[in-house]
Amino acid sequence: MDYAPKTKVLIVNREQFGYHVDPYKYTVYLKEDFEITHLSWDYGLPKIHQGGIEIKYVSRKGNKVLRYLRFLTAVHKEIRSQSYGVIFMIYFMGCSLIRFLNSSKVFNVDIRTGTDTNSQVKNRILDLLLVKECKTFEHISIISENLSKNMGFRKTHYLPLGGGVLFFGKFTKRWSIYDICRNFGK
């Protein structure tokens with residue numbers, strides 16, 4: 001029997017592995033059928049291990065600017081070092097730069113929330129930046145239809161909390177994380 005190699009999937013998240021439910025669950029759902037690498041900050045919290053997942057950490061030492069540049073550089077280097085079928089990024093400010101630097105790769109940007117600060121002006125500005133950045137990606141997944149509508153997106157894939165539900169609604173299609181990696185990684 002011939003066995004096809006597993007599609008490589010890179011999950012990029014600023015939260016340390018295991019401390020953000022959605023990306024953690026994505027790895028649980030995908031690890032049997034995909035070769036998963038998870039890249040995130042190292043906040044110094046106890047490490048959570050997941051068999052079958054390669055977990056890579058980026059140090060948070062130094063000031064904010066150096067940390068941010070270190071994270072962007074680590075993501076860019078990781079993408080260049082492997083032949084990933086899909087790069088799945090949990091949205092962070094500046095993620096469109098990574099997309100721009102690796103334009104031949106298949107990306108999905110995942111939006112888990114809108115901006116939530118005490119300032120409506122700041123929320124609006126940061127949400128506009130989020131929308132502008134995310135529109136540079138061909139594939140966008142988002143936690144809910146309401147958030148998608150509020151942000152003004154027209155073409156998104158709904159990936160609910162945990163990412164394990166596949167639901168076909170009247171006007172929308174909810175995808176599981178498995179469907180996104182399988183369909184976009186071709």
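What kind of unit do β1, helix α1 and β2 make? They make a right-handed β-α-β unit, where right-handed means that, with the strands pointing away from the viewer, the path from the first strand over the helix to the second runs clockwise. The model is predicted, so local features need pLDDT of at least 70 and side-chain atom pairs count only at pLDDT 80 or more, while totals for chains, interfaces and linings use all residues. Residues are numbered from 1 along each chain as its sequence is written, and side-chain values use heavy atoms, with hydrogens and water left out. Helices (H or I, at least four residues) and strands (E, at least two) are DSSP runs numbered from the N terminus.

- Strand β1 covers residues 7-13 and pairs with β2 in the parallel sense over seven bridges; two strands pair if DSSP finds at least two bridges between them.
- Within this pairing, Val 9 has Ile 36 of β2 as its bridge partner.
- Helix α1 of the β-α-β unit consists of residues 21-30.
- Strand β2 (residues 34-42) is mostly covered, with seven of its nine residues buried; buried means under 20% relative accessible area, exposed means over 50%, and partly exposed lies in between (1.4 Å probe, protein chains only).
- β2 also runs parallel to strand β3 (residues 53-59), to which seven bridges join it.
- Opposite Ile 36 stands Ile 53 in β3.

- Strand β5 (residues 107-111) is largely enclosed by the rest of the structure, because five of its five residues are buried.
- Both faces of β5 are covered: one side carries Phe 107, Val 109 and Ile 111, the other Asn 108 and Asp 110, and all of these are buried.
- Strand β4 (residues 86-90) runs parallel to β5 and is joined to it by four bridges, with Phe 107 in β5 as the bridge partner of Ile 87.
- A right-handed β-α-β unit is made by β4, helix α3 (residues 95-101) and β5.
- β5 pairs in the parallel sense with strand β6 (residues 139-142) over four bridges, and Asp 110 stands opposite Ser 141 in β6.
- Another right-handed β-α-β unit consists of β5, helix α4 (residues 120-134) and β6.

**Nonpolar cores**

- The largest nonpolar core has 29 residues, and those with the most contacts inside it are Met 89, Ile 111 and Phe 153; such a core is a set of buried Ala, Val, Leu, Ile, Met, Phe, Trp, Tyr and Cys residues joined through side-chain atoms within 4.5 Å.
- Helix α2 (residues 64-81) gives the most to this core, with four residues.
- Apart from this core lies another, of 10 residues, among them Val 9, Ile 53, Phe 88 and Leu 159.
- Not counting residues up to four places away in sequence, Met 89 touches residues that include Val 12, Val 75, Ile 98, Phe 107 and Phe 137; contact means heavy atoms within 4.5 Å.

**Aromatic rings and charges**

- A pair of aromatic rings is described by the distance of the centres and the angle of the planes.
- Five aromatic pairs are found in a search of the whole structure; rings of Phe, Tyr and Trp (its six-membered ring) pair if their centres lie within 6.5 Å, and planes under 30 degrees apart count as stacked, over 60 as edge-to-face and the rest as tilted.
- The pair of Phe 17 and Tyr 24 is tilted, because the ring centres are 5.6 Å apart and the planes stand at 55°.
- Phe 17 is buried, with a relative accessible area of 1%, whereas Tyr 24 is partly exposed, with 24%.
- Phe 71 and Phe 92 form an edge-to-face pair, 5.4 Å centre to centre and with 80° between the planes.
- Phe 71 lies in helix α2 and Phe 92 in the loop between β4 and α3, so this pair ties together parts that are 21 residues apart in sequence.
- Arg 60 lies over the face of Trp 41, at 4.9 Å from the ring centre; a charge sits over a ring if NZ of Lys or CZ of Arg is within 6 Å of the ring centre and within 35 degrees of the ring normal.
- The charged end of Lys 47 sits over the ring of Tyr 57, 4.8 Å from its centre.

**The surroundings of Phe 17**

- Phe 17 is placed in the loop between β1 and α1.
- Phe 17 and Ser 40 are 23 residues apart in sequence, and their C-alpha to C-alpha distance is 6.4 Å.
- Leaving aside neighbours within four places in sequence, the contacts of Phe 17 include Tyr 24, His 38, Ser 40, Ile 55 and Tyr 57.
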